[in-house]
Amino acid sequence: PLEFSDDPRKSFLGWTGFVVRPSCGSEFRPRIRAMFPEPLNTSAKRVNGLLRDAKLVPSQSWQEAWDGRCAFVFNVNCDKMRL
């Protein structure tokens, strides 16, 4: 995880972000999807939406973040962004 923060304007329950280990990239997203029942886990967009709702969004592209090539970071303004 990235640095924790107690400020709710700067974090989701303390999380300011995280980076997937590149060596785990191929299994990380399927394991996250497996945590949720169908039909919630049937679409990558829905899993991305869960992270977006927590305001933890990729610093670059979704694929790069899932692969561990960039961080998922807390962004309080992500609702206004096109992701």
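Predicted model: local features only at pLDDT ≥ 70, side-chain atom pairs only at ≥ 80, totals over all residues.

Visitor: In what order do the elements of the protein run from the N terminus on?

Guide: The protein has three helices and three strands. Read from the N terminus on, their order is β-α-α-β-α-β.

Visitor: Where is the place of F12, and is F12 buried, partly exposed or exposed?

Guide: F12 sits in the segment before β1. Buried means under 20% relative accessible area and exposed means over 50%. The value for F12 is 35%, so F12 is partly exposed.

Visitor: Which residues form a nonpolar patch on the surface?

Guide: The patch has about 450 Å² of accessible area, counting its residues together.

Visitor: Is S5 buried or exposed?

Guide: S5 also lies in the segment before β1, which spans 17-18. The cut-off for buried is under 20% relative accessible area. S5 has 18%, so S5 is buried.

Visitor: Which backbone nitrogen does the side chain of S5 reach?

Guide: Leaving out residues up to four places away in sequence, S5 touches K10, S11, G14 and T16. Its side chain also reaches a backbone nitrogen at 3.1 Å, and that nitrogen belongs to D7.

Visitor: Which element gives the most to the largest nonpolar core?

Guide: The largest nonpolar core has twelve residues: F18, V20, V47, L51, A54, L56, W62, A65, W66, C70, F72 and F74. Two or more residues come from each of α2 (44-53), α3 (62-66) and β3 (72-74). With three residues, the element that gives the most is α3.

Visitor: Why might nonpolar side chains be found together?

Guide: In soluble globular proteins, nonpolar side chains tend to be buried together. In this protein, the largest nonpolar core includes C70. Leaving aside neighbours within four places in sequence, C70 is in contact with V19, P58, S59, Q60, S61, E64 and A65.

Visitor: What share of the accessible surface of the protein belongs to carbon and sulfur atoms?

Guide: Of the 83 residues, 34% count as buried. The accessible surface comes to about 5,700 Å². The share of that surface belonging to carbon and sulfur atoms is 54%.

Visitor: Among contacts between residues at least 6 apart in sequence, what share join residues at least 24 apart?

Guide: A contact here means heavy atoms within 4.5 Å. Among the contacts described, the share that join residues at least 24 apart is 38%.

Terms used:
Residues numbered from 1 in each chain as written. Heavy atoms only, no water. Helix = DSSP H or I, 4+ residues; strand = E, 2+ residues; numbered from the N terminus. Buried < 20%, exposed > 50% of the residue type's maximum accessible area, 1.4 Å probe, protein only. Polar contact = N/O pair within 3.5 Å; in protein donor to acceptor, adjacent residues only side chain to side chain. Patch = residues over 30% accessible without salt bridge, like charges linked within 9 Å, V, L, I, M, F, W, Y side chains within 5 Å. Areas by Shrake-Rupley, 256 points an atom, 1.4 Å probe, with all protein chains shown as cover. Salt bridge = Lys/Arg side-chain N within 4 Å of Asp/Glu carboxyl O. Core = buried A, V, L, I, M, F, W, Y, C linked by side-chain atoms within 4.5 Å.
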